[in-house]
Amino acid sequence: IGFARGRSLPRPEFMVSGLYRYVRHPLYTAGLLFIWLTPLMTSNVLALFFGLTIYIIIGAYFEERRLVQEYGPAYDEYKKSTPMLVPFVNWSNR
């Protein structure tokens, strides 16, 4: 691709495939599963995991704001029909 000086690049097409059909952030979901399914849990580890979970959720929120700006109504429709992190549980429809 290269740099476009003085030209705007075409908007990329929004496509959904693979795990993105089930959750909007499959890598974040995998990360959360990885940290929360750790067999050893102390109060320090619990505090760390809680902080990491909040960090991931906030990061996903800001990433989605950028994706809405980039893909517009197509991403808004995707958000309405696909859960953010937990497959088959769409909190926005409640």
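Does Glu 64 count as buried or exposed, and at what relative accessibility? At 5% relative accessibility, Glu 64 counts as buried. Buried here means under 20% relative accessible area, exposed means over 50%, and partly exposed lies in between (1.4 Å probe, protein chains only).

The model is predicted, so local features need pLDDT of at least 70 and side-chain atom pairs count only at pLDDT 80 or more, while totals for chains, interfaces and linings use all residues. Residues are numbered from 1 along each chain as its sequence is written, and side-chain values use heavy atoms, with hydrogens and water left out.

The chain holds three helices and zero strands. From the N terminus, its elements run α-α-α. Helices (H or I, at least four residues) and strands (E, at least two) are DSSP runs, numbered from the N terminus. Of the 94 residues, 22% count as buried. The accessible surface comes to about 7500 Å². Carbon and sulfur atoms account for 66% of this surface. Accessible areas come from the Shrake-Rupley method with a 1.4 Å probe; for residues, only the protein chains shown count as cover. Contact means heavy atoms within 4.5 Å. Among contacts between residues at least 6 apart in sequence, 63% join residues at least 24 apart.

The largest nonpolar core has five residues: Leu 32, Ile 35, Phe 49, Ile 56 and Leu 85. Helix H1 (26-36) and helix H2 (43-71) are the elements that give two or more residues to this core. A nonpolar core is a set of buried Ala, Val, Leu, Ile, Met, Phe, Trp, Tyr and Cys residues joined through side-chain atoms within 4.5 Å. The buried residues of H1 are Pro 26, Thr 29, Leu 32 and Ile 35. They pack against H2. An α-helix has 3.6 residues a turn, so residues three or four places apart point the same way. Not counting residues up to four places away in sequence, Ile 35 touches Phe 49, Leu 52 and Thr 53.

Two charged residues, Glu 64 and Arg 24, are also buried. Glu 64 is found in helix H2. Arg 24 lies in the segment before H1, and its relative accessible area is 9%. Residues up to four places away in sequence are again left out of the contact lists. Glu 64 touches Arg 24, His 25, Tyr 75, Lys 79 and Met 84. Arg 24 touches Glu 64, Tyr 75, Tyr 78, Lys 79, Thr 82, Pro 83 and Met 84. Arg 24 and Tyr 78 are 54 residues apart in sequence. Their C-alpha atoms are 8.2 Å apart in space.

Arg 24 also takes part in the largest pocket. The lining has 15 residues, of which Tyr 20, Arg 24, Glu 63, Leu 67 and Tyr 75 lie nearest the centre. H1, H2 and H3 each supply at least two lining residues. The pocket volume is about 260 Å³. On a 1 Å grid over the protein atoms alone, a pocket is an open set of points where a 1.4 Å probe fits, with protein on both sides within 12 Å along at least five of seven lines; lining residues have an atom within 4 Å of a point. By class, the lining has eleven nonpolar, one polar and three charged residues.

Phe 88 is found in the segment after helix H3 (73-81). At 73% relative accessibility, Phe 88 counts as exposed. Its phi is near 70 degrees, a positive value in a residue other than glycine.

Key. Points joined across faces, edges and corners; volume = space filled by probe spheres on them.
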